[in-house]
Amino acid sequence: LLPYLDRIDSTRIYSNYGPLNAEFVQRLGEFVGGSLVTLTSSGTTAIELALRLHRRQGIYCLMPSFTFIASAHAVCNAGLVPYLVETDPDSLALTPEIAKAALASIGDSVAAVLVVSAFGAPPDLAAWAKFEQENKIPVVFDAAAALTSLSGIGSQPVCVSLHATKTLGIGEGGAILCGNRDLIDRATAMTGFGFAGNERMSSMRAGN
């Protein structure tokens, strides 16, 4: 670790998007086959920010009942109500077909869908991109343990955990991976008290 600590000391930037942060963001994006990235304090925070940015008007977040409690906490922290549905018995994950069936009883009150990757399995990004396009309901991925199985990330935000228990653990932290530059820029600002770019004017409700 000493060479990295020396680089930090040489720049005198110890927080707030320093050069090592930028290098890690770039290498993480390359690791998943090319994606824009913003880092967060945890995987749970990544989901919360993604839902705050990628949603429509509504009350509920459609999500699988088979998941860790952090998924539901993130939904609630984003101001939504979890609407739990059963998962596919083979994949143990929510499928577009299950989501469509649930929409028949919920209707227009769904603000977003949270798709959870069970046990780090790769999510079907293409199928869910088609679902979002056809149903006009934003989709966010809780891929907390799936970082090493991701590829082909598009405009829907994919949230991962960098906790010590995950396949790529750095102790703590998380990330949002997405091909949408505007979403990533806004998510990054939301991790820094709403400061966008070099401005010192807080432009949105945020945290750190």
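This note goes through a predicted model of one protein chain, point by point.

1. Overall make-up. The chain holds seven helices and seven strands, and reading along the sequence gives the order α-α-β-α-β-α-β-α-β-α-β-β-β-α. Its radius of gyration is 17 Å, close to the 17 Å that the globule rule gives for 208 residues, so the chain is as compact as a globular protein of that length. The C-alpha atoms fill a box of roughly 60 × 35 × 25 Å along the principal axes, and 43% of the 208 residues count as buried.

2. The unit built from E2, H4 and E3. Strand E2, covering residues 60–64, pairs with strand E3, covering residues 81–85, and the two run in the parallel sense over five bridges. Within this pairing, Tyr-60 stands opposite Val-81 of E3. Together with helix H4 (residues 69–77), the two strands make a β-α-β unit that is right-handed.

3. Gly-58 sits in the loop that links helix H3 (43–53) to E2, and with a relative accessible area of 25% Gly-58 is partly exposed. Its C-alpha atom is separated by 21 Å from that of Lys-130, a residue 72 positions away along the chain.

4. Strand E1. Is strand E1 largely enclosed or open? Four of the five residues of E1 (residues 36–40) are buried, so this strand is largely enclosed by the rest of the structure. E1 pairs with strand E7 (residues 174–178) in the antiparallel sense, over five bridges, and in that pairing Thr-40 stands opposite Gly-174 of E7.

5. Asp-182 is partly exposed at 47% relative accessibility, and Arg-186 is partly exposed with a relative accessible area of 37%. Salt bridges that share partners also join Arg-7, Glu-23 and Arg-27 into one network.

6. The side chains of Lys-100 and Glu-134 meet in a salt bridge, with an N to O distance of 3.6 Å. Lys-100 lies in helix H5 (residues 96–106) and Glu-134 in helix H6 (residues 125–135), so the pair ties together parts that are 34 residues apart in sequence. Both partners count as partly exposed, Lys-100 with a relative accessible area of 39% and Glu-134 at 45% relative accessibility.

7. Which residues make the nonpolar surface patch of about 480 Å²? The patch is made by Leu-1, Leu-2, Tyr-4 and Leu-5. Of these, Tyr-4 lies in helix H1 (residues 2–11) and is partly exposed, with a relative accessible area of 42%.

Methods: Residues are numbered from 1 along each chain as its sequence is written. This is a predicted model: local features need pLDDT of at least 70, side-chain atom pairs count only at pLDDT 80 or more; totals for chains, interfaces and linings use all residues. Side-chain values use heavy atoms; hydrogens and water are left out. Two strands pair if DSSP finds at least two bridges between them. A crossover is right-handed if, with the strands pointing away from the viewer, the path from the first strand over the helix to the second runs clockwise. Patches are made of residues with over 30% relative accessible area and no salt bridge: like charges are joined within 9 Å, nonpolar side chains (Val, Leu, Ile, Met, Phe, Trp, Tyr) within 5 Å. Accessible areas come from the Shrake-Rupley method with a 1.4 Å probe; for residues, only the protein chains shown count as cover. A salt bridge is a side-chain nitrogen of Lys or Arg within 4 Å of a carboxyl oxygen of Asp or Glu. Buried means under 20% relative accessible area, exposed over 50%, partly exposed in between (1.4 Å probe, protein chains only). The radius of gyration is taken over C-alpha atoms; the globule rule is 2.2 Å times the number of residues to the power 0.38.
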